[in-house]
Amino acid sequence: MQVGAIRLDPVSDGAFVARPSYFHPDATAAAEPRLFGRAGAAWLPIGCFLVRTGDRVILVDAGLGPDMQSLPDAMWLVGGQLLTGLRSLGVRPGDITDVICTHFHADHVGWLFDLAAQPVFPAATVWFGAGDWDHFVDGPGEMAPHIEKGLRSLPAPRLRSLRTATEVVPGVEAVPAPGHTPGHLCVVLESDGRRVILLGDAITAPEQLAESGWHSMGDVDARLAEHTRSTLCELLADPSTTGVGAHFPELRFGTLHGGRWHPTDG
């Protein structure tokens, strides 16, 4: 996908097998049969995005890594495919100049470090919301020990902690979108009159927008997350804006018209 002068490619690290209870304890597959069309489960991607502009090769989110995790109610995360996807785009780990983590949940940081806490992307600067460091690294949030150790071991110049909207490179801005996690970021790409919002998990699936009361099991602050979703919907209603979340089916981009989500081909 071309956003003006910026090249954007979605890459999946694997599968998130979700069930209605992820969104609400009383949700049923019948409410959104197209989403939960295979034995009451939604097979969603673990999405990452490669952004190439000028001499920068930016990875937005780092997947689950070569791992699998079980969640309540027979839900699963199964990763391990990010490097394969990058290779198919002609990109090696050493080519990545920056990694922007929308947040520090396990399925967004898994390829940052190997089990010895060594960087998988050896030349990359890591960008993240400061609130997530406070919550996951220094606070009570759950984080794999090798990821925490790797983050603490990175030289300070390669750690970019953000509390306000920050331009990573011209046309690429990391913007606070808290609620799902305290320091959650969205990434806004803008060039030649086009704008794309990489939503992270601020919106888990487009169907969430049509179902009143559907949140995310992973929301740290559900009320704040709902406020953030409302703000993002206002931005997505702009005809020049498209968006995609890390778990949107097929990592398909879309637009919001009349309160309804319309997938596009990019």
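Me: Which residues do ring pairs link into a cluster?
Reply: This is a predicted model, where local features need pLDDT of at least 70, side-chain atom pairs count only at pLDDT 80 or more, and totals for chains, interfaces and linings use all residues. Residues are numbered from 1 along each chain as its sequence is written, and side-chain values use heavy atoms, with hydrogens and water left out. Rings of Phe, Tyr and Trp (its six-membered ring) pair if their centres lie within 6.5 Å. The cluster linked by such pairs consists of Phe16, Tyr22, Phe23, Phe36 and Trp214.

Me: How many aromatic pairs does this rule give?
Reply: The rule is the one on ring centres, within 6.5 Å. By it, the count of aromatic pairs is 10.

Me: What kind of pair do Phe23 and Phe36 form?
Reply: Planes under 30 degrees apart count as stacked, over 60 as edge-to-face and the rest as tilted. The ring centres of Phe23 and Phe36 are 6.2 Å apart and the planes stand at 70°, so the pair is edge-to-face.

Me: Is Phe36 buried or exposed?
Reply: Buried means under 20% relative accessible area, exposed over 50%, and partly exposed in between (1.4 Å probe, protein chains only). Phe36 has a relative accessible area of 4%, so Phe36 is buried.

Me: What kind of pair do Phe104 and Phe128 form?
Reply: Phe104 is buried at 1% relative accessibility, and Phe128 is buried at 3%. Their ring centres lie 5.4 Å apart with the planes at 35°, so the pair of Phe104 and Phe128 is tilted.
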